[in-house]
Amino acid sequence: MSSGQQARAQAAAIKPSGQSPERGRPPADRLLALFDGRRLSPGQRRIAQYLIDHLTEAAFLSITELAERVGVSQPSVTRFASSLGFSGYPALRDVLQPIALSAVAGAPDSREQIRRNELQAAVDNEIENLENVRRLLADTNQVLDIGRELAGSVPLTVLGLRISVSLAEYFAYAARRIHPDVRLVTRGGSVAFDALLQSRAAGGTWVLAFAMPRHARETLAAVRAARSTGLRVVLISDPTLGPLVDEADVSLTAGTGSRLVFDSYAAPGMLSAALLQAMADADPERTQARLESYEQVADQHGFFL
């Protein structure tokens, strides 16, 4: 963990004792505050979810018992505690136990309340992410310029690996309605390199790459491969700065919802839809002709109800 991350963790961590404002907060809020703003791995989210679902029991388990209940290793539990800003699992447990006792004393149905608050907090988090995208789109010239570049790249390559595949597939599916040649790349390594090389040889000039956390090394390799072939890269990613951003020609950021076991992508999806609109606006005549042609074929073959 970097020094900046440690500082943020220490500033946000619930103190184990002597904090009357913390004791005055509902147990559900005190528990959820432990995870607020943390970027956890899937295994760590399983641990967090188990604590949410079984707080009054889990707070008194040993590290071995907790690891067995969740189905992870003991080092995973230790890393989980460290990611929350604690020196280890015993320090985390010292914080969990008073919360669990207050939950038992004050609210028999605290588990349901915690779960309800967690889901609402996840929605609140996504609303904030969408607000950030709204501010990003205040400068319409930027997104229109990018849309024109993508619309003018024939072929246009759309890249998304691992967890980012779904966003890339959505964009490519829609873009094919308004663009004559969209090529989707969802596999890394030599497969991605061959596809990028062929796209450049066919006259393509741009790649739209999606990179959602946790960022994969093969995505960085694919972006670098694209640049090496002469293609330019528009990157849609979360606000985390890193080597991917350094490799891209244009970077657009949209936060991911990270409050639940798996991330949600309302904001990246909205940003994708805005880019599709910008592509459509770049060549309205081509867009209209292609959409009409598609609708005729779809109606002729009865694609839709």
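Mentor: Happy to! Keep in mind that this is a predicted model. Let's begin with helix H11, residues 165–175, and helix H15, residues 266–282, which pack with their axes 10 Å apart and at an angle of about 20°. Angles under 35 degrees count as roughly parallel, so H11 and H15 are roughly parallel to each other. The crossing of H11 past H15 is right-handed. On the H11 side, the contact is made by Leu167, Tyr170, Phe171, Ala174 and Ala175. H15 brings Pro268, Gly269, Ser272, Ala273, Leu275, Leu276 and Met279 to that contact. Sorted by class, the H11 contact with H15 holds 10 nonpolar and 2 polar residues, with no charged ones.

For another pair, turn to helix H4, residues 42–53, and helix H7, residues 74–83: they pack at an angle of about 80°, and their axes are 9 Å apart. That angle makes H4 roughly perpendicular to H7. Here Gln44, Ile47, Ala48 and Leu51 of H4 meet Ser76, Val77, Arg79, Phe80 and Ser83 of H7. The contact of H4 with H7 divides into 5 nonpolar residues, 3 polar and 1 charged.

Finally, have a look at the second largest pocket, which holds about 280 Å³ of space. It is lined by 18 residues, and the closest to its centre are Pro42, Ile163, Pro213, Arg214 and Tyr265. The lining of this pocket has 10 nonpolar, 3 polar and 5 charged residues.

Conventions. Residues are numbered from 1 along each chain as its sequence is written. This is a predicted model: local features need pLDDT of at least 70, side-chain atom pairs count only at pLDDT 80 or more; totals for chains, interfaces and linings use all residues. Side-chain values use heavy atoms; hydrogens and water are left out. Axes are lines fitted to C-alpha atoms, for helices over the stretch in contact, and angles run from 0 to 180 degrees between N-to-C directions. Helices (H or I, at least four residues) and strands (E, at least two) are DSSP runs, numbered from the N terminus. Angles under 35 degrees count as roughly parallel, over 145 as roughly antiparallel, 65 to 115 as roughly perpendicular and the rest as oblique. A crossing is left-handed if the near helix is turned anticlockwise from the far one by less than a right angle, and right-handed if clockwise. Contact means heavy atoms within 4.5 Å. Ala, Val, Leu, Ile, Met, Phe, Trp, Tyr, Cys and Pro count as nonpolar, Asp, Glu, Lys and Arg as charged, and the others, Gly among them, as polar. On a 1 Å grid over the protein atoms alone, a cavity is a set of points where a 1.4 Å probe fits but cannot get out, and a pocket is an open set with protein on both sides within 12 Å along at least five of seven lines; lining residues have an atom within 4 Å of a point. Grid points are joined across faces, edges and corners, and a volume is the space filled by probe spheres set on the points.
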